[in-house]
Amino acid sequence: MLVDIFSSFDDHNQVFMSLYGLIWIFSLAIVLLFSSSFWVKVPRWVEVIYLFKETITSQVFRSFGVNLGGFMGVVSGLFLFLIFMNLVGLVPYVFSSTSHLAVSFSLGFPLWLSLIVSGAVFLPSSVIAALLPMGAPAALNLFLVLIETVSIMARPITLSVRLMANMSAGHIVLTLIGNYLTASLFFLPSFSALILLSIQVFYTIFEFGIGVIQAYIFCLLITLYSDEHPH
């Protein structure tokens, strides 16, 4: 039972469709989409998925990540996965997994760490040299190295918090509008209820766009991080 606006982020709430069935269906749908090249006949709706896939692969082609084996496939799969998870979280009574820091951090941290470890193994001297900008005063060397190190270490945190905060804020606003809409059906004139219903519909459409954009930004930042890989 939902008792407040934050109850939708509690995965222990036993409400309708809280057993993650729909999330599993959407997750398995990604596997089917990636294997669609083996189908006898590809349906037309797959072209929409290819449009999203080509959007993120075009960004990978502009970065150094295209030279990293398997990086394009990982980012493309992550992009489609985040889109599905963000959109399925907008379905009423469905647990929003990307609104939790543990989920978003578990997606961003391994990819960031893999780029760091790969660069350190491939060319460690270049990784260390990148901590100090060229032409920096000698007196500021230690301070600049410390700042750059903290900046690099904070990347997975900022990457994860950005996704979590944007998705959580949208769900909270939708919950607040829904609560006022429910109350207006019983206590307010029908005109006020119609206005709230219109706001709810348009904001839901807006949240669908936010879900896609946040997935794109998440993968775009990871792609930009690959540009700093030694080469």
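In this predicted model, 17 residues line the second largest pocket, and I116, V127, I152, R155 and E228 lie nearest its centre. A pocket here is an open set of points on a 1 Å grid over the protein atoms alone where a 1.4 Å probe fits, with protein on both sides within 12 Å along at least five of seven lines, and lining residues have an atom within 4 Å of a point. The space in this pocket comes to about 360 Å³, taken as the volume filled by probe spheres set on the points. Its lining comprises 10 nonpolar, four polar and three charged residues. Helix 4 (101–122), helix 5 (124–129) and helix 6 (141–153) each contribute at least two residues to that lining; helices are DSSP runs (H or I, at least four residues), numbered from the N terminus.

Beyond its neighbours within four places in sequence, F218 is in contact (heavy atoms within 4.5 Å) with L78, L82, S104, L107, G108, L159 and L163.

For the chain as a whole, there are eight helices and zero strands. Buried residues make up 35% of the 231.

Residues are numbered from 1 along each chain as its sequence is written. Local features need pLDDT of at least 70 and side-chain atom pairs pLDDT 80 or more, whereas totals for chains, interfaces and linings use all residues, and side-chain values use heavy atoms, without hydrogens or water.

Methods
Nonpolar A, V, L, I, M, F, W, Y, C, P; charged D, E, K, R; others polar. Buried < 20%, exposed > 50% of the residue type's maximum accessible area, 1.4 Å probe, protein only.
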